[in-house]
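Subject: Structure handover

Hello,

Here is the structure I said I would pass on. Please open it alongside this message, as the notes refer to residues by number.

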Amino acid sequence: MKLIAINGSPRKNKNTATLIKHALDGASAAGAETELIHLYDLNFKGCVSCSACKTLDSKSYGKCAYKDELTPVLDKIKEADSLIIASPIYFSSASGETISFLERLIYPEVAYTKPFSAVNGFKKKCGLIFTMNLSSHEVLKASGAEMNIASIKGRTDLVWGDTEYLLSMNTYQFDDYSKVLYEYTSVEEKEESRLKQFPEDCKKAFELGKRLCQTNGKNK
Ligand SMILES: Cc1cc2nc3c(=O)[nH]c(=O)nc-3n(C[C@H](O)[C@H](O)[C@H](O)COP(=O)(O)O)c2cc1C
């Protein structure tokens, strides 16, 4: 059993990465081998729309043909039983690098049938983690982030089967709030969320990682 986790934050030790760490601890507790990949360490592009993955009878059908530092990661993910994709919310969606990664990972797997179907039909246990400043489900909806998260989940559901997701809200973004202009919520509220909500989210991440590795998700 192998779980691969993708960090879509440029920061390797902040909110998103901390939740991933707890998820990996949960996966290890379930006996899985784990690997963490920081997207921002890699030099790669999003989909270049070459259409090789859509060309019938080509050796790249259902597979991304573009070669760069993401290529070995896409190959590893194919072999893994479970996958966690974690990202901060940027501009009400996943970070730019995460979206570029998803284009390369998921687009080749989607067939333009009506309705859309999965090209390869691999089942994989997949979990999504999003961290954000948004502090309630009402603002999540009003900002458009809810729809964007649902759209990402819709694609992972289609390609690998039902996806679990964890939202961590009102995260502590800045090391020192006295040095930045931040009036969206009070700093006291941020501090309270950091001390009370975030540790709860870390526990949920641990359980998520554990669940994703409890049964063999590979079912070709
Ligand atoms: C470029 C940028 C855009 C952001 N846009 C949003 C946003 O649209 N909605 C939101 O709730 N938070 C937004 N944030 C805040 C981050 O999502 C939040 O601080 C997140 O937890 C950071 O994750 P990290 O600590 O793992 O880097 C933004 C942060 C940055 C740097």
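This is a predicted model: local features need pLDDT of at least 70, side-chain atom pairs count only at pLDDT 80 or more; totals for chains, interfaces and linings use all residues.

Cavities

The count of cavities of 30 Å³ or more comes to three. The largest cavity holds about 150 Å³ of space. Its lining is made up of 16 residues, and L74, K78, R104, L105 and E109 are the closest to the centre. Two elements give two or more residues each to this lining, namely α2 (71–79) and α3 (96–106). Of the elements, α2 gives the most, with five residues. Sorted by class, the lining of the largest cavity has eight nonpolar residues, six charged and two polar.

The second largest cavity has about 100 Å³ of space. It is lined by 15 residues, and those nearest its centre are C47, V48, C50, C53 and C64. Here the lining divides into ten nonpolar, three charged and two polar residues.

Helices α3 and α5

Two packed helices are described by the angle between their axes and the distance between the axes. For α3 and α5 (residues 145–160), the axes come within 11 Å and cross at roughly 25°. Angles under 35 degrees count as roughly parallel, so α3 is roughly parallel to α5. The crossing in which α3 passes α5 is left-handed. On the α3 side the contact is made by I99, L102, L105 and I106, and on the α5 side by I152, R155, T156, V159 and W160. By class, this contact has seven nonpolar residues, one polar and one charged.

Backbone details

Most residues other than glycine have a negative phi, and most peptide bonds are trans.

- The peptide bond from K114 to P115 is cis, with omega near -5°. P115 sits in the loop that lies between β5 (110–111) and β6 (117–118).
- S51 is not a glycine, yet its phi is positive, at about 70°. This residue belongs to the loop between β2 (33–38) and α2.

Regards

Methods:
Residues are numbered from 1 along each chain as its sequence is written. Side-chain values use heavy atoms; hydrogens and water are left out. On a 1 Å grid over the protein atoms alone, a cavity is a set of points where a 1.4 Å probe fits but cannot get out, and a pocket is an open set with protein on both sides within 12 Å along at least five of seven lines; lining residues have an atom within 4 Å of a point. Grid points are joined across faces, edges and corners, and a volume is the space filled by probe spheres set on the points. Helices (H or I, at least four residues) and strands (E, at least two) are DSSP runs, numbered from the N terminus. Ala, Val, Leu, Ile, Met, Phe, Trp, Tyr, Cys and Pro count as nonpolar, Asp, Glu, Lys and Arg as charged, and the others, Gly among them, as polar. Axes are lines fitted to C-alpha atoms, for helices over the stretch in contact, and angles run from 0 to 180 degrees between N-to-C directions. Angles under 35 degrees count as roughly parallel, over 145 as roughly antiparallel, 65 to 115 as roughly perpendicular and the rest as oblique. A crossing is left-handed if the near helix is turned anticlockwise from the far one by less than a right angle, and right-handed if clockwise. Contact means heavy atoms within 4.5 Å.
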